[in-house]
Amino acid sequence: MWLVEGPLHPEVLVSHGSARLTVHGRRLIVQRHRAGWPQAHIAAAMGVS
């Protein structure tokens, strides 16, 4: 968990349960890109545009 403190109050950065691009999801994008997948196919597989 990351903690970012701003001038007014601390903020905890977490992703919500239905987030498409979690750390795991971003890792999949990179792996698929390195494997030669076209960008449009990666996006479609991840459910993003």
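Helices (H or I, at least four residues) and strands (E, at least two) are DSSP runs, numbered from the N terminus. The model is predicted, so local features need pLDDT of at least 70, side-chain atom pairs count only at pLDDT 80 or more, and totals for chains, interfaces and linings use all residues. Residues are numbered from 1 along each chain as its sequence is written, and side-chain values use heavy atoms, with hydrogens and water left out.

**Whole chain**

Start with the cartoon. The protein has two helices and two strands. From the N terminus the order is β-β-α-α. Of the 49 residues, 10% are buried (under 20% relative accessible area; exposed is over 50%, partly exposed in between; 1.4 Å probe, protein chains only).

Now color by pLDDT, the predictor's confidence in each residue, from 0 to 100. The mean for the protein is 79, and 63% of its residues reach 70 or more. Select strand 1 (residues 2–5): among the elements, strand 1 has the lowest mean pLDDT, 54, while helix 2 has the highest, 93. Where pLDDT is low, the predicted coordinates should not be read in detail.

**The helix pair**

Select helix 1 (residues 23–34) and helix 2 (residues 39–46). Two packed helices are described by the angle between their axes and the distance between the axes. Here the angle is about 150 degrees and the axes are 10 Å apart. That makes helix 1 roughly antiparallel to helix 2. Axes are lines fitted to C-alpha atoms, for helices over the stretch in contact, and angles run from 0 to 180 degrees between N-to-C directions. Angles under 35 degrees count as roughly parallel, over 145 as roughly antiparallel, 65 to 115 as roughly perpendicular and the rest as oblique.

Which residues meet between helix 1 and helix 2? Show side chains for Gly25, Leu28, Ile29, Arg32 and His33 in helix 1; they meet Ile42, Ala45 and Met46 in helix 2. Contact means heavy atoms within 4.5 Å.

**Ile29**

Center on Ile29, in helix 1. Ile29 counts as partly exposed because its relative accessibility is 25%. Leaving out residues up to four places away in sequence, Ile29 touches Leu21, Ile42 and Met46. Draw a C-alpha distance from Ile29 to Met46: 7.9 Å, across 17 residues of chain.

**Arg26**

Move to Arg26, also in helix 1. Arg26 is partly exposed, at 44% relative accessibility.
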